[in-house]
Amino acid sequence: MRARRSAAPRDWDQASREVAKAYFPHELRLVGGGRDPRLTLRTLDLGPVLVGHVGWGADVRIACDYPGAYEINLPLTGHLESRGRYGPVTSVPGQATVFRADTPSLISHWDATCTVLGVKFDSGWFEREAERVLGGDRVTVRGGLPDQLDLGDGRGRAWRQLVGSLATHLHDPELFGECDLVRAQLAGAVAAGLLLAGCPDAGAGPLPAPRAIRRVVDQLHDDPARPWTAGEMAAVAGTSVRRLQEGFRQWLDRTPTEYLIGVRLQRADADLRADPSLTVSDAAARWGFSSASRFAAAYRRRYGVAPSQARR
């Protein structure tokens, strides 16, 4: 586990660069007169998840596109005003504001007394975790997470306590050293806690599939680009191809191949949105599609647009 604490910045440009280095590039403006920066910036790196304290010590306004990552800001003091999908959002202690990956957003007023606990999630990794935790897909996460979370009780309160406990280690950079296994497990716990708190209805539905079906589903998510055959999937389940087909139809309302194509499309879609230089052909090849034309046709059926439009 790696922690980072910034030195006191000399001016606002340096303060902005320090925060951008840890979190996101952004446009920072002072609100209501200038003063020297009194930046608070301490972070704990869990790999795909970053937890940290951020405060500017002045009234500021921040515009950001949140490239490649989701951001959840929990005010510990003061208040945070922003523009959500459906109007203004003001968060105070006990609440959190949600900013979606690759979405232009504006924090219209981060007040001088406000220090936030900011949790940043790599978008591709977070959306794959959602597949496991919620049984949903990228659309569920992007559309399902609210603009604001109530952290006062229930799952919201449990998640706040979890990330708060991690934040207590921002002053102890040597804790767990470079133990990647611990970091990965903690990152997974933070993601699962947020998904369950923010999308309480997304995981509702049929009872969990039998263990044999779950084994196949897990392996398809672990390695969707592999050239899977029906026989290989049946072997993972420990049953016949016919029985596997019947099981998937009963529990997931689709064939194993249809399920695999869905996972591949989610991964390819996330890559196309995250990397403007990635070609449709390269995305298709990366995730196991036999041709770009087959991928494009499947993508259009799933999302209603051509894959070339995913970056727009």
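**Notebook: sheet, helix contact and cores**

The model I am reading is a predicted one. I then checked the strands around that pair. Strand E7 (residues 80-84) runs antiparallel to strand E10 (residues 105-110), and 3 bridges join them.

I traced the sheet next. Its 5 strands are ordered E2-E5-E10-E7-E8, the sheet is open, and the pairing is antiparallel. I noted that strand E2 (27-30) and strand E8 (87-91) each have a single partner strand, so one side of each lacks a neighbour in the sheet. From one strand to the next I have an average twist of 20 degrees.

I moved to the helices. Helix H8 (residues 241-252) and helix H9 (residues 256-274) have axes that come within 9 Å and cross at roughly 60 degrees. I therefore put H8 down as oblique to H9. On the H8 side I listed Leu244, Gln245, Phe248, Arg249 and Leu252; H9 brings Pro256, Glu258 and Tyr259. I sorted the residues of this contact into 5 nonpolar, 1 polar and 2 charged.

Last, I looked up the cores. The largest nonpolar core holds 32 residues, and Val49 and Trp159 are among those with the most contacts inside it. Elements giving it two or more residues include strand E4 (49-55), strand E11 (115-122) and helix H4 (154-167). H5 supplies the largest share, 5 residues. For Val49, setting aside neighbours within four places in sequence, I found contacts with Leu44, Val119, Lys120, Phe121, Trp125, Ala187 and Val190. I also recorded a second, separate core of 23 residues, with Trp12, Ala22, Leu41 and Val60 among them.

Notes. Residues numbered from 1 in each chain as written. Predicted model: local features only at pLDDT ≥ 70, side-chain atom pairs only at ≥ 80, totals over all residues. Heavy atoms only, no water. Pairing = 2+ DSSP bridges. Helix = DSSP H or I, 4+ residues; strand = E, 2+ residues; numbered from the N terminus. Axes fitted to C-alpha atoms, helices over the stretch in contact; angles between N-to-C directions. Parallel < 35°, antiparallel > 145°, perpendicular 65-115°, else oblique. Contact = heavy atoms within 4.5 Å. Nonpolar A, V, L, I, M, F, W, Y, C, P; charged D, E, K, R; others polar. Core = buried A, V, L, I, M, F, W, Y, C linked by side-chain atoms within 4.5 Å. Buried < 20%, exposed > 50% of the residue type's maximum accessible area, 1.4 Å probe, protein only.
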